[in-house]
Amino acid sequence: MNYTWDWGVLLNPTGVGSEVYWQWLAKGFGWLLVIGTVGWLIALIIGTVLGIMRTLPNTNPVNKVARFIGTAYVSFFRNVPLLIQLFFWFYVMPMWLPDSIQKWWLQDLNPNTSAVISASIGLGLFTAARIIEQVRTGIESLPKGQANASYALGFKTSQVYRYVLLPQAFRVILPPLSSEMTNCYKNASVASLVGVAELISQTKTISEYTQNTIEVYAFATLIYLVFNLLIIFLMTKLEQRLRIKGQIDGGLA
């Protein structure tokens with residue numbers, strides 16, 4: 001195997017100004033953070049709202065429609081691959097915009113910016129379908145007597161969810177939410193397929209320029225590993241702080 005090892009490859013100059021390769025990798029990681037964070041916020045908001053809609057009491061036509069919308073969303077977005085959804089938002093959706101907005105999107109907006117927006121939306125909507133199910137499961141895992149008692153005390157449905165159900169449900173589903181957050185950042189790598197210079201894209205570029213494939217991908221792997229372990233550590237600490245004794249950890253109330 002005729003391979004020249006160079007673990008200092010990221011310190012080598014790129015030939016573009018005074019930049020070195022680790023700066024390219026850092027920029028890629030920055031775009032990954034942007035896409036992953038925006039996508040996660042979109043997913044958390046939509047997932048929470050539609051997750052609530054899926055658990056509304058089936059007592060009137062409005063609630064039935066809300067439950068149907070939540071179910072339809074999950075059925076669609078969970079069964080269409082993320083890559084197809086990403087291509088739709090990047091290539092197809094702009095064609096459906098009004099002419100003035102379409103011109104701004106295609107001609108005036110920086111191509112990398114439009115790609116980042118498309119990737120964030122696609123990732124957020126895809127991840128939301130999974131969070132909807134987690135929110136639904138968390139709410140339905142709570143004793144039904146809590147909601148019934150709240151209604152008996154005169155609470156409105158919005159108050160029951162805001163003050164009684166959601167604070168407990170989010171404590172219950174915090175571990176799977178933590179896993180979903182790390183998945184969101186890892187799935188942000190698909191943005192490289194629509195031209196975003198995020199971490200994987202930059203890693204591939206550096207690898208092609210330097211031919212030090214093993215070292216470059218090893219560094220990228222290390223970045224993903226350390227970052228995701230940090231998220232898991234912080235979310236575990238949050239879980240321990242918000243834990244409901246006697247309900248989650250088996251301790252005494």
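Leaving aside its neighbours within four places in sequence, with which residues is A220 in contact? In this predicted model, where contact means heavy atoms within 4.5 Å, A220 is in contact with L199 and T203 once those neighbours are set aside. A220 has its place in helix α10 and, at 3% relative accessibility, counts as buried, a class defined as under 20% relative accessible area, with exposed meaning over 50% and partly exposed the range in between (1.4 Å probe, protein chains only). Between A220 and D6 there are 214 residues in sequence, and their C-alpha atoms are 15 Å apart in space.

Residues are numbered from 1 along each chain as its sequence is written. Because the model is predicted, local features need pLDDT of at least 70 and side-chain atom pairs count only at pLDDT 80 or more, whereas totals for chains, interfaces and linings use all residues, and side-chain values use heavy atoms, with hydrogens and water left out.

The chain contains 10 helices and zero strands, where helices (H or I, at least four residues) and strands (E, at least two) are DSSP runs numbered from the N terminus. Taken along the principal axes, the box filled by the C-alpha atoms is roughly 75 × 55 × 30 Å. Of the 253 residues in the chain, 41% count as buried, and among contacts between residues at least 6 apart in sequence, 72% join residues at least 24 apart.

Charged pairs were examined next. The structure holds five salt bridges, each defined as a side-chain nitrogen of Lys or Arg within 4 Å of a carboxyl oxygen of Asp or Glu. In one of them E180 pairs with R130, with the closest N and O atoms 2.8 Å apart; since E180 lies in helix α8 and R130 in helix α5, the pair ties together parts that are 50 residues apart in sequence. E180 counts as buried at 4% relative accessibility, while R130, at 37%, counts as partly exposed. Another salt bridge joins R136 to E140, again with closest N and O atoms 2.8 Å apart, and these two residues, four apart in helix α5, are separated by about one helical turn. E140 is partly exposed, with a relative accessible area of 43%, and salt bridges that share partners join R54, E133, R136 and E140 into one network. K27 forms a salt bridge with E19, for which the closest N and O atoms are 2.7 Å apart, and K27 counts as partly exposed at 43% relative accessibility.

E198 presents a contrasting case, being buried yet without a salt bridge. The nearest side chain of opposite charge, that of K204, is 10 Å away, where Lys and Arg count as positive and Asp and Glu as negative, His and the chain ends not being counted. E198 lies in the loop between α8 (174-187) and α9 (199-210), and its side chain reaches the backbone nitrogen of S201 at 2.9 Å. With neighbours within four places in sequence left aside, the contacts of E198 are G28, W31, L32, A188, S189, A191, S192 and Y224.

Although Q211 is not a glycine, its phi is positive, at about 65 degrees, and at 54% relative accessibility Q211 counts as exposed.

On a 1 Å grid over the protein atoms alone, a cavity is a set of points where a 1.4 Å probe fits but cannot get out, whereas a pocket is an open set with protein on both sides within 12 Å along at least five of seven lines, and lining residues have an atom within 4 Å of a point. Grid points are joined across faces, edges and corners, and a volume is the space filled by probe spheres set on the points. A search of the whole structure finds one cavity of 30 Å³ or more. The largest cavity is lined by I35, L82, L86, A119, L123, N187, A188, V190 and A191, and the elements giving two or more residues to this lining are α3 (82-92) and α5 (111-140).

The largest pocket has a volume of about 320 Å³ and a lining of 14 residues, of which T55, K144, A147, Y161 and L165 lie nearest its centre. At least two lining residues of this pocket come from each of α5, α6 (144-152) and α7 (157-172), with α6 supplying the largest share, four residues.

Note on methods
Polar contact = N/O pair within 3.5 Å; in protein donor to acceptor, adjacent residues only side chain to side chain.
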